[in-house]
Amino acid sequence: MRLHLAILLGLAHLSACRSPVLSDERDALGPELPDVERGEFHRPGQPCLRCHDSRGGQDPEMVVAGTVFATPEGRVPFANAAVTIEDGLGELVTTSTNCVGNFYITKEDWPDAVFPLRPSVACVGPGVAGGGTMDSLVYRDGACAGCHTGSAGEESAGWVYCFEQQPNPPIELDPSCPGRIP
Amino acid sequence: MRLGWIYFTVAALASAAMVPGCIGEPEPVASACPDYVEDDFSEVSAVLERKCGTLDCHGQNERSFVVFGQNGRRRPGGTNVVTSGGGSGGSATGGSNATGGGNATGGGIGTGGPTGLVTGGDPTTPFERAGTYQSLCALQPEIIAEITAGEKDPTELTVVRKASLREAHKGGQLWLPDSPGDLCLRTWFSGDLNDIACRQTP
């Protein structure tokens with residue numbers, strides 16, 4: 001009887017703490033692609049921190065994460081872009097994108113990161129270099145795709161990308177990459 | 001049975017009494033905000049856009065305080081006439097940066113919404129600044145009225161208090177009390193704008 005009561009109380013507590021806003025945001029991301037395992041190659045272009053932050057509950061917890069594409073349209077991921085994040089105290093942390101364009105910095109790797117953040121991206125393609133530094137700062141949302149999603153518009157800065165146009169030869173997704181763009 | 005009718009009647013009367021309290025609009029009150037002077041407010045707006053108006057903060061439409069501008073949310077509708085500079089690739093990190101190529105933030109490109117303005121594209125328009133002004137002035141109109149009447153200090157305003165962390169703020173401390181940003185906002189509400197402080201705000 002006591003055990004039943006404890007379980008019921010535990011369930012009630014869990015449901016009381018769940019944010020419907022966050023749940024809706026996560027639900028809107030849709031299911032995993034059937035042929036891509038959960039991990040560093042999944043869900044390119046989606047706001048990683050909707051799940052990978054202290055409220056999302058998925059490991060690893062991330063400070064900042066996103067996806068870099070080759071061009072503003074076409075959604076071709078750019079591998080090996082150097083992503084440098086400068087935090088509010090001037091500390092710099094650099095990482096790079098994987099074959100599906102994803103990058104992330106975990107809370108474990110950068111536990112004392114101080115917002116606001118200023119990200120920059122450097123890309124080296126075949127005979128061409130690109131990238132740049134964000135004009136504005138990241139004050140709260142470490143999920144790049146929270147603001148950088150789809151084409152640029154009234155409420156989006158557009159995808160994070162390297163080049164205005166595809167270089168020659170064009171950037172393509174490595175067929176051996178475990179991830180893919182939905 | 002009779003008791004049930006009594007309960008029902010009392011409940012119905014109570015509900016009827018509550019309805020007038022929920023219908024109708026409150027009487028409009030004229031804004032006591034400092035007058036919108038484009039030259040003055042553009043200084044304040046530039047600070048608000050830079051420090052508050054990013055898409056992950058007060059550039060979000062859901063906020064009570066919404067800031068419109070070049071690197072945040074663009075104001076839909078109306079007439080967004082670009083008055084100077086800007087244009088495709090017009091950001092500081094656009095095609096002319098040291099590493100060449102485009103702007104990694106996607107600024108200055110795309111087809112945009114009905115107004116044609118995109119985040120990171122053309123400079124903030126007067127129409128957008130007016131939208132920010134309206135949002136700012138609608139936050140606490142009663143207190144603003146007392147400030148403009150000289151009865152209260154601007155530090156009574158939540159927007160001033162949050163930015164300087166005199167009051168808890170999810171976005172953290174944007175500037176210290178009495179720093180240029182704080183002075184910019186406070187002096188504008190007081191009707192004696194310190195535009196130099198605005199320009200000194202990092």
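Q: What covers the buried residues of α6(B)?
A: In this predicted model, the cover includes five helices of chain B: α2 (38–51), α3 (126–137), α4 (141–148), α5 (158–163) and α7 (195–200).

Q: Which residues of α6(B) are the buried ones?
A: They are Gly181(B), Asp182(B), Cys184(B), Leu185(B), Arg186(B), Thr187(B), Trp188(B) and Phe189(B). Just after the helix comes Gly191(B), with a positive phi of about 85°.

Q: Why are α2(B) and α3(B) called roughly perpendicular?
A: Two packed helices are described by the angle between their axes and the distance between the axes. Here the axes come within 10 Å and cross at roughly 75°. Angles of 65 to 115 degrees count as roughly perpendicular, and α2(B) and α3(B) are therefore given that description.

Q: Which residues make the contact between α2(B) and α3(B)?
A: From α2(B) there are Glu38(B), Phe41(B), Ser42(B), Ser45(B), Leu48(B) and Glu49(B). From α3(B) there are Pro126(B), Arg129(B), Thr132(B), Tyr133(B) and Leu136(B). By class, these residues divide into 5 nonpolar, 3 polar and 3 charged.

Q: What is the pattern of chain B along the sequence?
A: The pattern reads α-α-α-α-α-α-α.

Q: How many of the contacts in chain B with a separation of 6 or more join residues 24 or more positions apart?
A: Such pairs account for 56% of those contacts. As for burial, 43% of the 202 residues in chain B are buried.

Q: Why does Val118(B) count as buried?
A: The cut-off for buried is under 20% relative accessible area. Val118(B) has 6% relative accessibility and therefore counts as buried. Its place is in the loop between α2 and α3 of chain B. From Val118(B) to Ala163(B) the sequence separation is 45 residues, and the C-alpha atoms are 26 Å apart.

Q: Why is Arg63(B) called partly exposed?
A: Buried means under 20% and exposed means over 50%, with partly exposed in between. The relative accessible area of Arg63(B) is 21%, so the residue is partly exposed. Arg63(B) is found in the loop between α2 and α3 of chain B.

Q: Which residues is Arg63(B) in contact with, leaving aside its neighbours within four places in sequence?
A: Arg63(B) contacts Arg140(A), Asp56(B), Cys57(B) and His58(B). As for Leu174(B), 111 residues away from Arg63(B) along the chain, the two C-alpha atoms are separated by 18 Å.

Q: How many residues line the largest pocket, and which lie nearest its centre?
A: The lining has 34 residues, and those nearest the centre are Arg50(A), Arg55(A), Arg140(A), Asp141(A) and Asp56(B). The elements giving two or more residues to this lining are α2 (20–28) and β1 (62–67) of chain A. Of the elements, α2(A) gives the most, with 3 residues.

Q: How do the residues lining the largest pocket divide by class?
A: There are 13 nonpolar, 8 polar and 13 charged residues. The space in this pocket comes to about 1,100 Å³.

Q: Which residues lie nearest the centre of the second largest pocket?
A: Leu137(A), Tyr139(A), Arg50(B), Lys51(B) and Pro202(B) do, out of a lining of 31 residues. α2(B) gives the most to that lining, with 5 residues. By class, the lining has 11 nonpolar, 12 polar and 8 charged residues. About 640 Å³ of space lies in the second largest pocket.

Q: What makes a space a cavity and not a pocket?
A: In a cavity a 1.4 Å probe fits but cannot get out, whereas a pocket is open. By this rule there are 4 cavities of 30 Å³ or more, and the largest cavity has a volume of about 250 Å³.

Q: Which residues lining the largest cavity are the closest to its centre?
A: Of its 22 lining residues, these are Met134(A), Ser136(A), Cys147(A), His148(A) and Ala157(A). The whole lining has 10 nonpolar, 9 polar and 3 charged residues.

Key: Residues numbered from 1 in each chain as written. Chains lettered and ligands numbered in written order. Predicted model: local features only at pLDDT ≥ 70, side-chain atom pairs only at ≥ 80, totals over all residues. Heavy atoms only, no water. Buried < 20%, exposed > 50% of the residue type's maximum accessible area, 1.4 Å probe, protein only. Helix = DSSP H or I, 4+ residues; strand = E, 2+ residues; numbered from the N terminus. Contact = heavy atoms within 4.5 Å. 1 Å grid on protein atoms, 1.4 Å probe; cavity = no way out; pocket = protein on both sides within 12 Å on 5 of 7 lines; lining within 4 Å. Points joined across faces, edges and corners; volume = space filled by probe spheres on them. Nonpolar A, V, L, I, M, F, W, Y, C, P; charged D, E, K, R; others polar. Axes fitted to C-alpha atoms, helices over the stretch in contact; angles between N-to-C directions. Parallel < 35°, antiparallel > 145°, perpendicular 65-115°, else oblique.
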